Amino acid sequence: MRTRILIVEDEEALTTLLRYNLEAEGFAVDVAARGDEAELRLAEQTPDLILLDWMLPGLSGIELCRRVRARRETERLPVIMLTARGEEGDRIRGLGTGADDYIVKPFSVPELLARVRALLRRAKPAHVADLLAAGDIELDRVSHRIRRSGHEIHLGPTEFKLLEFLMQSPGRVFSREQLLDGVWGHDVYIDERTVDVHVGRLRKALNRPRQPDPIRTVRGSGYAFDETFCA
């Protein structure tokens, strides 16, 4: 599944800049301009990381961070605090509230992206690892190459994303709707049966005669990367 980042920031220009760069790096991005709005979003869906502004309308970033740490579902959720307050006392307060990292405005976007990846690498290594491997299949995110039993497999860009999405969560069954959101994105409106077409293409490319099929069909539910294939 694409790594999802929630940006909680009331400066529209900065939100646009961050969203553009994060999406260009392959992240799925949600935004909230108010602290209370972000709290409602967190109750509906937990992201993989939060970029959290200190000063927010509705509910301050500091208070939202406290509440995030107080909830069992989000107590380990990575949080990077964004703030114009660069004094040592403020940094200590932000980190003491539960933020994992703290970056002072104005900041370099490449530096922020590096911090995001470093924090995700510690918290959710499967989401940022350069190489995914299961059974005799290797997926290299950097070179966009797939190998099975040492032989290179040629996939189209959509089949590559689909395999990457499934390999990140072996054994988890995804509905067609979830696959559409995770691989194609929320803003793309296509028929759910498109998923079946691309799963068929993926299977055809991956499986030679007498090789086990790593993609499991769950009737009435969807598809999964077979966890027994990883054993």
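Q: Is Ala33 buried, partly exposed or exposed, and how is such a label read?

A: The label follows from relative accessible area, where under 20% is buried and over 50% is exposed. In this predicted model, Ala33 has a relative accessible area of 36%, so Ala33 is partly exposed.

Q: Where does Ala33 lie, and which residues is Ala33 in contact with?

A: Ala33 lies in the loop that links strand E2 (28-32) and helix H2 (35-44). Leaving aside neighbours within four places in sequence, the contacts of Ala33 are Glu9, Asp10, Leu56 and Pro57. Separation along the chain and separation in space can be stated side by side: from Ala33 to Ile62 there are 29 residues in sequence and 15 Å in space, C-alpha to C-alpha.

Q: How is the protein divided into domains, and what are their bounds?

A: Domain 1 covers 4-123 and domain 2 covers 131-225. Between the C-alpha centres of domain 1 and domain 2 the distance is 31 Å.

Q: What does Leu179 touch, beyond residues up to four places away in sequence?

A: Leu179 touches Leu162, Phe165, Leu166, Phe174, Trp184, Val195 and Tyr223.

Q: Which residues of H8 are buried, and what do they pack against?

A: An α-helix has 3.6 residues a turn, so residues three or four places apart point the same way. In H8, the buried residues are Leu179, Leu180, Gly182, Val183 and Trp184. The buried residues of H8 pack against H7, H9 and E11. After H8 comes Gly185, with a positive phi near 105°.

Q: At what angle do H8 and H9 pack, and how far apart are their axes?

A: The angle between H8 and H9 is about 70°, and their axes are 9 Å apart. Because angles of 65 to 115 degrees count as roughly perpendicular, H8 is roughly perpendicular to H9. On the H8 side the contact is made by Arg176, Leu179, Leu180 and Trp184, and on the H9 side by Arg193, Thr194, Val195, Asp196 and His198.

Q: What is the phi of Ser149, and where is Ser149 found?

A: Although Ser149 is not a glycine, its phi is positive, at about 55°. Ser149 is found in the loop between strand E8 (145-148) and strand E9 (151-153). With 42% relative accessibility, Ser149 counts as partly exposed.

Q: What is the phi of Arg210, and is Arg210 buried or exposed?

A: Arg210, a residue other than glycine, has a positive phi near 70°. The loop between H9 and strand E10 (215-218) holds Arg210. Its relative accessibility is 83%, so Arg210 counts as exposed.

Notes. Residues are numbered from 1 along each chain as its sequence is written. This is a predicted model: local features need pLDDT of at least 70, side-chain atom pairs count only at pLDDT 80 or more; totals for chains, interfaces and linings use all residues. Side-chain values use heavy atoms; hydrogens and water are left out. Contact means heavy atoms within 4.5 Å. Domain bounds come from an automatic or database domain assignment. Axes are lines fitted to C-alpha atoms, for helices over the stretch in contact, and angles run from 0 to 180 degrees between N-to-C directions. Helices (H or I, at least four residues) and strands (E, at least two) are DSSP runs, numbered from the N terminus. Angles under 35 degrees count as roughly parallel, over 145 as roughly antiparallel, 65 to 115 as roughly perpendicular and the rest as oblique. Buried means under 20% relative accessible area, exposed over 50%, partly exposed in between (1.4 Å probe, protein chains only).
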